[in-house]
Amino acid sequence: MTTWANLKAELVDLGFEEDSITNEYGRIMINSVNRALDVVYDIVVPQIESYYRITESWGYEDEDGEWTLPKPRHIDENTLDTQRINIADNLAPLIPLLAAHYLWLDDDVTKATLYWNEYDQLKDQIIMVCRQPRKAQI
């Protein structure tokens, strides 16, 4: 389970920065995380949506009996450190890598590119695993 505090700490560590950077980069950090959440939800989730429906590992059944995948809640300046980041557990490792890419893009293109490449490789692995055929039970 990833919380806002955990995610902020991970972004600071990925940037090899001091904890005080969260004050200076606060708005940029929030925007980077929100952008990462949107990209993962809009680009990755649709590719593996059937995995969540079959496994019922993320989401919920709505009033009509349809399996619904919740849109992640955005972070803002009032978000508590204890708030959980609302993303599927298997997608949670993508968020800090992609957010770090956006966060550090202006300061260090090499660092940002490294995190993009790590995100992209991990994303492809997750999609591949989720698309593998499941055992059928007759």
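**Helix packing in a predicted protein chain**

Good morning. Read along the sequence, the protein chain runs α-α-α-β-β-α-α, which gives five helices and two strands. Helices here are DSSP runs of H or I with at least four residues, strands are runs of E with at least two, and both are numbered from the N terminus.

Please note that this is a predicted model, in which local features need pLDDT of at least 70 and side-chain atom pairs count only at pLDDT 80 or more, while totals for chains, interfaces and linings use all residues. Residues are numbered from 1 along each chain as its sequence is written, and side-chain values use heavy atoms, with hydrogens and water left out.

I begin with the chain as a whole. Its C-alpha trace spans about 55 × 30 × 20 Å along the principal axes. Of the 138 residues, 41% are buried, that is, under 20% relative accessible area with a 1.4 Å probe, protein chains only. Contact means heavy atoms within 4.5 Å. Among contacts between residues at least 6 apart in sequence, 67% join residues at least 24 apart.

I now turn to the helix pairs. How do α4 and α5 pack? Helix α4, residues 94-104, meets helix α5, residues 109-131, at an angle of about 155 degrees, and their axes lie 8 Å apart. Axes are lines fitted to C-alpha atoms, for helices over the stretch in contact, and angles run from 0 to 180 degrees between N-to-C directions. The two helices are therefore roughly antiparallel, a term for angles over 145 degrees, whereas angles under 35 count as roughly parallel. From α4, the residues in contact include Leu94, Leu97 and Trp104, and from α5 they include Val109, Tyr115 and Ile126. By class, this contact has 12 nonpolar, two polar and three charged residues. Nonpolar covers Ala, Val, Leu, Ile, Met, Phe, Trp, Tyr, Cys and Pro; charged covers Asp, Glu, Lys and Arg; the others, Gly among them, are polar.

The axes of α3, residues 26-55, and α5 come within 8 Å and cross at roughly 20 degrees, which makes α3 roughly parallel to α5. On the α3 side, the contact is made by Val39, Val40, Val44, Gln47, Ile48 and Tyr51. On the α5 side, Tyr119, Lys123, Ile126, Ile127, Cys130 and Arg131 take part. These residues divide into nine nonpolar, one polar and two charged.

Thank you for your attention.

Definitions and conventions
Angles under 35 degrees count as roughly parallel, over 145 as roughly antiparallel, 65 to 115 as roughly perpendicular and the rest as oblique. Buried means under 20% relative accessible area, exposed over 50%, partly exposed in between (1.4 Å probe, protein chains only).
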